[in-house]
Amino acid sequence: QTFDPTMANPEAIIVLGGGPPDAHGGLPLWTEQRCRVAFELYQQKAAAGIEVFIITVSGGTAHVPDTIDEAGHVLHESAAAARFLVGLGVRPECVLREWASYDTIGNAFFTRVTITDIRGWRHLTIVTSDFHMPRSRAIFETVFALDSPDPAYHLTFVAAPDVGIEPFALADRRAREESSLKTFQGRHFASLCALQTWLYGDHGCYATRLMGTAANPAAAGMLYQKA
C-alpha cells in the first residue's frame, strides 16, 4: 500500500474491526491487513517526526459469539488488534482501544464521543477493507459532521486489500454491504443526541428491549471462511 505524502497529517488513525479473533488473539486475515496498512502509515509519520495515535475499534461482532481467551475473559476485537499493532512495533502508549461498539455505526459514534471529541483530534484517517469502505465512509462522514463541530473534522480514508476471504464469500459480503449502505442512506439523524436515542432505543446491538435480536450466525457464516 502506498500513501499520498501530500495528504493531511492525521492526529489519529482509526482501524475498524473485522470480526472476532481466535482464543489466542489471532485476527482474521483481512483485519491483519487493515492493521498492517495502519502501521505503514504510522511508520511514515514517525519517520517524519510526526506523532500519531492509532485507535482500534470494536468490542465484537453482533452476529458472532464473543471470543473467550485462555484465561476465560472476553477478548475484544480492539484488544486483539492493539496487541497485533504493538507486535508490529507501534508504541503501546500510541494505541487507544474502543470496545463499546458492535457494528460500523457504533464504531463511528463511540469513537467520536469517547475518544476524538475528548482529545480534540480533528484530523483522522480511517482504515478498513476495500469491501467495507463505501458504507464506512458514508457512516463516518455523517456521524462526524453531526452537531457541526468547531473546528470541523477532516477525514481521510484508506482501503486495505481484501485478503483472506473466499471469492464467493467476498461477493456475498459486497452485496450485503451495498444493501446496508442503502438502508443507512435512508436514515436521517439531526444530532448526536438523535443518533444516540436511535442506537439505545431501536438498534439491535444496543437497545435493552432488543437484546439478543442482532445475533444471526447463519448470515455471518460465509464471511468468516478464510482462504
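The questions below turn to the sheet, then to a helix and a loop residue.

Guide: This is a predicted model, in which local features need pLDDT of at least 70 and side-chain atom pairs count only at pLDDT 80 or more, while totals for chains, interfaces and linings use all residues. Residues are numbered from 1 along each chain as its sequence is written, and side-chain values use heavy atoms, with hydrogens and water left out.

Visitor: In what order do the 5 strands of the open sheet lie?

Guide: Strands here are DSSP runs of E with at least two residues, helices are runs of H or I with at least four, and both are numbered from the N terminus. Two strands pair if DSSP finds at least two bridges between them. The pairing in this open sheet is parallel, and its strand order is 5-2-1-6-7.

Visitor: Which residue in strand 6 is the bridge partner of Ile14?

Guide: Strand 1 (residues 12-15) and strand 6 (residues 123-129) pair in the parallel sense over 4 bridges. Within strand 6, the partner of Ile14 is Ile126.

Visitor: Which strands does helix 4 touch as it packs on the sheet?

Guide: Contact means heavy atoms within 4.5 Å. Helix 4, which spans residues 133-143, packs on the sheet by touching strand 1, strand 6 and strand 7.

Visitor: Why is Ala100 called partly exposed?

Guide: Ala100 lies in the loop between strand 5 and helix 3. Buried means under 20% relative accessible area and exposed means over 50%, with partly exposed in between, using a 1.4 Å probe and protein chains only. Ala100 is partly exposed because its relative accessible area is 37%.

Methods: Axes are lines fitted to C-alpha atoms, for helices over the stretch in contact, and angles run from 0 to 180 degrees between N-to-C directions.
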